[in-house]
Amino acid sequence: MTASWHTVRLVATDALRRLRRFLWPAPLSRRPRNHAYVRERMIALPLLAVVTSVAFGWAYAEIRADSAALRGSYTPALGDLADAEMSLRIADREAEKSLAAGESVRLSGIGKRYLTRTTRATQSLNQVARSGALTTAERQELDVVSGLVADYGNWIVFAQNHVGDPALRDAGLSYARSMLCTPPVPPRETGPGGYPPCEPGTGSDATAVVDRISALETSLRDRLAGRAALGGGVCGAAVVAATALALLALGLWRTQVFLHHRFHLRVSVPLLAAALPLLAVPFLTADAVLAHRAQQRVVGTAGALSHATSPAIESTADERPFADPDPRLIASLDSRADRDLAEGRLSSLDGAAPWVAPVGLLTAGLIYATLHAYRREYVLISRSGAAV
């Protein structure tokens with residue numbers, strides 16, 4: 001057992017010594033052998049180029065993909081859910097006012113605003129379904145919400161058809177509101193702008209439209225925050241890429257110095273060309289930092305989409321379309337999120353993420369081919385006793 005453990009230690013020590021020699025070669029003052037030095041560089045530098053490009057390319061692509069998901073799916077879906085909820089509550093208020101007019105509603109109808117807002121709510125829910133931001137279970141929940149919205153409209157029509165009978169009219173309106181909010185709110189109790197409070201409920205009794213929409217919003221916001229956060233994989237890949245990049249840059253520089261002193265080359269043009277892609281790393285890093293900061297700002301905007309707006313704010317915008325828009329409007333918050341994500345990137349680097357790893361692999365191949373050619377073609381003619 002002791003002999004086996006001693007053998008394992010020797011093998012591990014030899015492996016670490018070889019790895020250290022590959023990553024950190026002996027300085028020129030120790031006069032390393034040309035053949036051995038170039039062979040070690042021929043292994044270490046391409047390996048570092050591959051590790052750098054794969055790790056950095058994956059982390060950069062993940063951050064860019066997160067921004068694309070927020071811009072194309074999550075933020076629009078949250079905006080559409082908020083718009084559907086606000087539209088239904090505005091429509092509910094319009095239905096109440098129209099039904100209170102009595103028999104005249106039979107001829108004039110409930111009102112154009114009611115029809116506009118219910119249609120808008122249905123369209124918003126359909127857009128959420130097409131956004132791709134929902135899981136299978138959430139799609140099923142959204143189908144339930146759409147069915148409840150249709151039933152809500154049927155009960156409003158029932159109240160309209162029985163507007164001459166106050167008991168049936170109030171029963172239809174009350175039942176419709178019970179489908180919209182849980183628990184039903186007494187008609188005399190109103191909030192800002194005259195809209196009845198409709199706080200979303202939780203638990204097994206939270207089955208109304210607003211409850212279900214609120215649950216979908218919470219789930220989407222959590223996933224959005226998860227996409228906006230730097231996960232452990234991205235952070236780990238960034239650390240690996242930064243370490244490998246530093247060793248690669250140092251290795252290329254030391255190899256150039258070695259070739260200058262031993263092979264009498266002023267500069268190795270192929271190795272210089274292989275180092276050129278490293279100049280793009282600061283720009284790609286800046287782009288990733290900008291994208292991550294924009295994602296963090298969008299997290300705050302996503303919370304405002306669910307909590308900052310209200311039916312009174314949305315209704316005021318309908319009544320005064322040419323006034324300065326309230327920053328808490330759903331449209332204003334959607335525009336802010338789009339603007340943050342658009343500004344949170346270097347547009348000239350759009351489409352660069354898929355090319356990071358392939359360019360790194362080409363760089364590794366160029367380094368290997370160059371050092372392999374030097375190893376075969378160059379012969380050092382030196383003074384007596386010089387290492388070759």
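Modeller: Val 51 is a place to begin: in this predicted model, Val 51 lies in helix α2.

Biologist: Which residues make the nonpolar surface patch of about 230 Å²?

Modeller: Leu 47, Val 51 and Val 240 make that patch.

Biologist: How do you know that Arg 64 and Asp 287 form a salt bridge?

Modeller: A salt bridge needs a side-chain nitrogen of Lys or Arg within 4 Å of a carboxyl oxygen of Asp or Glu. The closest N and O atoms of Arg 64 and Asp 287 are 3.0 Å apart, so the pair is a salt bridge. This pair links distant parts of the chain, with Arg 64 in helix α2 and Asp 287 in helix α10, 223 residues apart.

Biologist: Are Arg 64 and Asp 287 buried or exposed?

Modeller: Buried means under 20% relative accessible area. Arg 64 is at 17%, so Arg 64 counts as buried. Asp 287 is at 0%, and therefore Asp 287 counts as buried too.

Biologist: What makes Glu 141 and Arg 212 a salt bridge?

Modeller: The cut-off is again 4 Å, and the closest N and O atoms of Glu 141 and Arg 212 are 2.8 Å apart. Glu 141 sits in helix α5 (residues 136-161) and Arg 212 in helix α7, 71 residues apart, and the pair links distant parts of the chain. Glu 141 has 24% relative accessibility, so Glu 141 counts as partly exposed. Arg 212 has 16%, so Arg 212 counts as buried.

Biologist: Why does the pair of Asp 340 and Arg 297 count as a salt bridge?

Modeller: The closest N and O atoms of Asp 340 and Arg 297 are 3.7 Å apart, and the rule asks for a distance within 4 Å. Asp 340 is in helix α12 (residues 330-343) and Arg 297 in helix α10, 43 residues apart. At 11% relative accessibility, Asp 340 counts as buried, whereas Arg 297, at 40%, is partly exposed.

Biologist: Which residues do salt bridges that share partners join into one network?

Modeller: That network consists of Arg 64, Asp 287, Arg 345 and Asp 350. The structure holds 14 salt bridges.

Biologist: What is known of the largest pocket?

Modeller: The largest pocket has a volume of about 400 Å³. Of its 24 lining residues, the closest to the centre are Glu 85, Arg 89, Cys 198, Glu 199 and Thr 309. Helix α7 gives the most to this lining, with five residues. By class, the lining of the pocket has twelve nonpolar, seven polar and five charged residues.

Biologist: How many cavities of 30 Å³ or more are there?

Modeller: The count comes to two. What sets a cavity apart is that a 1.4 Å probe fits but cannot get out, whereas a pocket is open. The largest cavity has a volume of about 110 Å³. Ten residues line the largest cavity, and the closest to its centre are Asp 92, Arg 177, Leu 180, Cys 181 and Pro 196. The lining of the largest cavity has seven nonpolar, no polar and three charged residues.

How values were computed. Residues are numbered from 1 along each chain as its sequence is written. This is a predicted model: local features need pLDDT of at least 70, side-chain atom pairs count only at pLDDT 80 or more; totals for chains, interfaces and linings use all residues. Side-chain values use heavy atoms; hydrogens and water are left out. On a 1 Å grid over the protein atoms alone, a cavity is a set of points where a 1.4 Å probe fits but cannot get out, and a pocket is an open set with protein on both sides within 12 Å along at least five of seven lines; lining residues have an atom within 4 Å of a point. Grid points are joined across faces, edges and corners, and a volume is the space filled by probe spheres set on the points. Helices (H or I, at least four residues) and strands (E, at least two) are DSSP runs, numbered from the N terminus. Ala, Val, Leu, Ile, Met, Phe, Trp, Tyr, Cys and Pro count as nonpolar, Asp, Glu, Lys and Arg as charged, and the others, Gly among them, as polar. Buried means under 20% relative accessible area, exposed over 50%, partly exposed in between (1.4 Å probe, protein chains only). Patches are made of residues with over 30% relative accessible area and no salt bridge: like charges are joined within 9 Å, nonpolar side chains (Val, Leu, Ile, Met, Phe, Trp, Tyr) within 5 Å. Accessible areas come from the Shrake-Rupley method with a 1.4 Å probe; for residues, only the protein chains shown count as cover.
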